[in-house]
Amino acid sequence: MNELYEKMLSAYDQSTASARRNAIYEVSQQIVLAGLADGGFFDKAAFYGGTCLRIFHGLNRFSVDMDFTLIKEDASFNFEQYFQPVIDQFALVGRKVEIKKKDKKSFGKVESAFLKDTTDVYDISFQTERSIKVKIEVDTMPPLKFATEQKILLQPKSFLTRCVALPDLYAGKMHALVFRAWKNRIKGRDWYDFEWYVRRGIPLDWNHLHERILQLSGHNMTLDEFKEALRDRLGSADISRVKADVLPFLNNPGELDIWSNDYFLQLADMMKIQ
């Protein structure tokens, strides 16, 4: 095995097959970011979502998919120009990868119902002990009114990644938490991340959240209306289903012992909004 690849893996727990698979995903995600940085992708785009929180802000759960947003609308944006730098970066750690754009017609009903028409989706696939596939989504016509910041990674080399700022990452997460419900989706990772934001006292950017709700869901909500929808979501969801979704991504299942509908309703009262 390539020495650099092994060094990156050695930073993670690999005591179980699940833990090793999660470690391989995260190392692979960092290699993808390095390749994209080499190609100049972050001149036009920013990283967001749970994987961004995991890699750059120490979120204590693993995340598989990688989400990106252009910083300006560009319906003609072509992600394929960045394939080769990513392929080259994997080659440097001894991995041959294949990148394919997914056909939206092949998506399942649930996934396609939540995916925007202006979101392009790609799979990066390669073999280790088992087949690994990292899904990348790039929103080419995103809701705007968000801020970004440059964050550094040191592996597989030193490079900068443009990331959506935390208050706006928070806004994106709260949109997902509430509006997945309207499509009958339960994703415990949304709930886990919501708890993470509240516990750290991070303020939510309402301007960006309002923009996301308006563009992605077609609702011109007031802040009070959003809070009411959030409380309805938190108070009515089946917590056992919420826990079951996030458990495979955690090293310490005991973190969820306190979870209940009432616990999350109290967290909602502690939210900071800017």
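View A. Pro 156 is found in the loop that runs between β6 (148-153) and β7. This is a predicted model, and in it the peptide bond from Gln 155 to Pro 156 is cis, with omega near 5 degrees.

**View B. A nonpolar patch on the surface, built from Ile 152, Leu 154 and Leu 160.** Taken together, these three side chains make a nonpolar patch with about 310 Å² of accessible area. Ile 152 is found in strand β6, while Leu 160 sits in strand β7 (residues 159-164). How open are the two? Ile 152 has a relative accessible area of 53%, so it counts as exposed, given that exposed means over 50%. Leu 160 comes in at 47%, and is therefore only partly exposed. For a sense of scale here, look from Ile 152 to Arg 162: they are 10 residues apart along the chain, and their C-alpha atoms are separated by 8.9 Å.

View C. Lys 145 lies in the loop between β5 (131-139) and β6. Its phi is near 65 degrees, a positive value in a residue other than glycine. That's worth a look because most residues other than glycine have a negative phi. The side chain of Lys 145 also meets that of Glu 211 in a salt bridge, at 3.5 Å from N to O. This pair ties together distant parts of the chain, with Lys 145 in its loop and Glu 211 in helix α8 (residues 206-217), 66 residues apart. Glu 211 has a relative accessibility of 19%, so it counts as buried, the cut-off for buried being under 20%.

View D. The side chains of Lys 173 and Asp 190 meet in a salt bridge, at 3.0 Å from N to O. Again the pair links distant parts of the chain: Lys 173 belongs to helix α6 (residues 166-181) and Asp 190 to helix α7, 17 residues apart. Both ends are tucked away: Lys 173 is buried because its relative accessible area is 10%, and Asp 190 is buried too, because its relative accessibility is 1%.

View E. Asp 269 is in helix α11 (residues 261-269) and Arg 231 in helix α9 (residues 223-236), so the pair links distant parts of the chain, 38 residues apart. Asp 269 has a relative accessible area of 59%, so it is exposed. Arg 231, at 36%, is therefore partly exposed.

**View F. Helix α3 crossing helix α7.** The axes of α3 (residues 50-57) and α7 (residues 188-199) come within 11 Å, crossing at roughly 45 degrees. That angle is why α3 is called oblique to α7. As for handedness, α3 passes α7 in a left-handed crossing.

**View G. Helix α2 packing with helix α4.** α2 and α4 (residues 83-92) have axes 7 Å apart and pack at an angle of about 130 degrees. They are therefore oblique to each other. Is the crossing left-handed or right-handed? α2 passes α4 in a right-handed crossing.

**View H. Ser 15, in the loop between α1 and α2.** Ser 15 lies in the loop that joins α1 (3-9) and α2 (17-38). Its relative accessibility is 61%, so Ser 15 counts as exposed.

Key
Residues are numbered from 1 along each chain as its sequence is written. This is a predicted model: local features need pLDDT of at least 70, side-chain atom pairs count only at pLDDT 80 or more; totals for chains, interfaces and linings use all residues. Side-chain values use heavy atoms; hydrogens and water are left out. Patches are made of residues with over 30% relative accessible area and no salt bridge: like charges are joined within 9 Å, nonpolar side chains (Val, Leu, Ile, Met, Phe, Trp, Tyr) within 5 Å. Accessible areas come from the Shrake-Rupley method with a 1.4 Å probe; for residues, only the protein chains shown count as cover. A salt bridge is a side-chain nitrogen of Lys or Arg within 4 Å of a carboxyl oxygen of Asp or Glu. Helices (H or I, at least four residues) and strands (E, at least two) are DSSP runs, numbered from the N terminus. Buried means under 20% relative accessible area, exposed over 50%, partly exposed in between (1.4 Å probe, protein chains only). Axes are lines fitted to C-alpha atoms, for helices over the stretch in contact, and angles run from 0 to 180 degrees between N-to-C directions. Angles under 35 degrees count as roughly parallel, over 145 as roughly antiparallel, 65 to 115 as roughly perpendicular and the rest as oblique. A crossing is left-handed if the near helix is turned anticlockwise from the far one by less than a right angle, and right-handed if clockwise.
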